[in-house]
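Welcome, and please take a moment to look over the model below. The report that follows walks through it step by step.

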Amino acid sequence: MDAFYTVLISLLFISIGYCYGSILFGAIFAKIIKKNIREMGSGSIGGTNVSRTLGPGWGAATMILDATKTYLSVVTCWAIYIFTINKWYPENHALYSLIYLGGVASVFAHCFPIQYFSSLFFNHFDKKQAKNKTGGKGMACTGGLFFSISPWLGLSIFAIWLVTFLITHYVSVGSITCSVLACPLVFIKEIDLLYMFDNGIFNNTHNFIAIAPYTEHIWLFVSLFILLLSCAILIVIRHKDNIKRLRNGVESYLPFTKKQAEKHAKKSRSEE
């Protein structure tokens with residue numbers, strides 16, 4: 001019976017995350033200033049396109065709130081987990097990874113919100129019509145998931161994104177690179193703190209990572225790896241148009257100086 005309830009609660013976690021993720025702050029901000037962001041820039045309601053089309057302030061607010069909604073979805077699932085699964089299976093620490101189902105569902109919902117599926121259904125599964133209801137590309141939300149696992153993981157991934165962006169000047173390259181590299185980092189104990197689990201309210205599981213042999217809980221980290229890998233695959237899929245533009249040399253390039261802009265423009269003309 002406990003296994004049955006565990007499945008139900010897992011579905012609840014997914015539902016909670018999906019509801020959080022379907023809140024599209026980029027679209028909300030666009031409505032506030034009365035602009036149709038779907039017809040501006042890349043047409044995405046993610047933070048990058050919001051920053052380019054509505055302004056850096058709106059873009060920063062969108063990224064922060066998108067990351068926060070995913071973080072809060074995990075916190076909500078964590079609160080439910082404390083009084084349910086943790087009491088039923090106090091020794092099965094691998095089940096702790098279930099709380100991150102809410103975070104993964106939030107990332108998925110940000111990319112494909114409820115508006116997308118409702119449009120798909122009511123337009124007789126016309127994908128072209130439904131495409132106008134898709135969300136962002138999921139990187140900011142995935143960042144919130146990283147920070148919910150560990151602040152050090154979040155900071156490490158942000159550092160990887162920043163270095164990649166500074167070298168390449170492409171936001172998409174940074175997003176794809178850091179989402180993929182995040183997966184193996186969960187196996188590094190010094191980075192993967194799982195700090196929500198290190199909480200006195202868990203009683204029997206308090207500080208278990210610090211005192212228990214790492215190999216005894218390897219399935220907990222394997223589960224996290226699989227969840228982050230699913231996010232990485234989703235992000236790569238959502239950046240497929242960016243990948244095509246990178247191949248064709250027409251991806252949006254963000255120079256930091258006038259000299260870099262002129263150099264890139266000269267290179268682009270020589271390749272035409």
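Two residues are in contact when heavy atoms of theirs lie within 4.5 Å. With that in mind, in this predicted model, residues 24 or more positions apart account for 74% of the contacts with a separation of 6 or more. The chain's secondary structure comes to 15 helices and zero strands. Of its 272 residues, 44% count as buried.

The buried residues are G102, G103, V104, A105, S106, V107, A109, H110 and C111. What do they pack against? Their partners are α1 (2-21), α4 (56-82), α9 (139-149) and α13 (218-238).

Leaving aside residues up to four places away in sequence, S106 touches G17, Y18, Y20, G21, K69, T70 and S73.

Two packed helices are described by the angle between their axes and the distance between the axes.

| Helix pair | Angle between axes | Distance between axes |
|---|---|---|
| α1 and α4 | about 155 degrees | 9 Å |
| α1 and α6 | about 40 degrees | 7 Å |

Let us take α1 and α4 to start with. They pack at an angle of about 155 degrees. Angles over 145 degrees count as roughly antiparallel, and α1 is therefore roughly antiparallel to α4. The crossing of these two helices is right-handed. On the α1 side, the contact involves I9, L12, F13, I16, G17, Y20 and G21, which meet K69, L72, S73, T76, C77, I80 and Y81 of α4. Sorted by class, this contact of α1 with α4 has nine nonpolar, four polar and one charged residues.

Now for α1 and α6. Their angle is about 40 degrees, and α1 and α6 are therefore oblique to each other. The crossing of α1 and α6 is right-handed. Which residues meet here? From α1 come S10, F13, I14, G17, Y18, Y20 and G21, and from α6 come L101, G102, A105, S106, F108, A109 and H110. By class, this contact of α1 with α6 has eight nonpolar, six polar and no charged residues.

The structure holds one salt bridge. Which side chains form it? They are those of K69 and D66, with 3.5 Å from N to O. An α-helix has 3.6 residues a turn, so residues three or four places apart point the same way. K69 and D66 are three residues apart in helix α4, so about one helical turn separates them. Are these two residues buried or exposed? Both K69 and D66 are buried.

T62 is another residue of helix α4. Its relative accessible area is 0%, so T62 is buried. Although T62 and F25 are 37 residues apart along the chain, their C-alpha atoms are separated by 5.7 Å. F25 is also among the contacts of T62, together with G26, F29, I45, G46, G47 and V50, not counting residues up to four places away in sequence.

Most residues other than glycine have a negative phi, and most peptide bonds are trans.

Where do they sit? K34 is in the loop between α2 (25-32) and α3 (47-53), whereas H169 is in the loop between α10 (151-168) and α11 (171-185). Their accessibility is also worth a look. K34 has 76% relative accessibility, so K34 counts as exposed. H169 has a relative accessible area of 6%, so H169 is buried.

Terms used
Residues are numbered from 1 along each chain as its sequence is written. This is a predicted model: local features need pLDDT of at least 70, side-chain atom pairs count only at pLDDT 80 or more; totals for chains, interfaces and linings use all residues. Side-chain values use heavy atoms; hydrogens and water are left out. Buried means under 20% relative accessible area, exposed over 50%, partly exposed in between (1.4 Å probe, protein chains only). Helices (H or I, at least four residues) and strands (E, at least two) are DSSP runs, numbered from the N terminus. Axes are lines fitted to C-alpha atoms, for helices over the stretch in contact, and angles run from 0 to 180 degrees between N-to-C directions. Angles under 35 degrees count as roughly parallel, over 145 as roughly antiparallel, 65 to 115 as roughly perpendicular and the rest as oblique. A crossing is left-handed if the near helix is turned anticlockwise from the far one by less than a right angle, and right-handed if clockwise. Ala, Val, Leu, Ile, Met, Phe, Trp, Tyr, Cys and Pro count as nonpolar, Asp, Glu, Lys and Arg as charged, and the others, Gly among them, as polar. A salt bridge is a side-chain nitrogen of Lys or Arg within 4 Å of a carboxyl oxygen of Asp or Glu.
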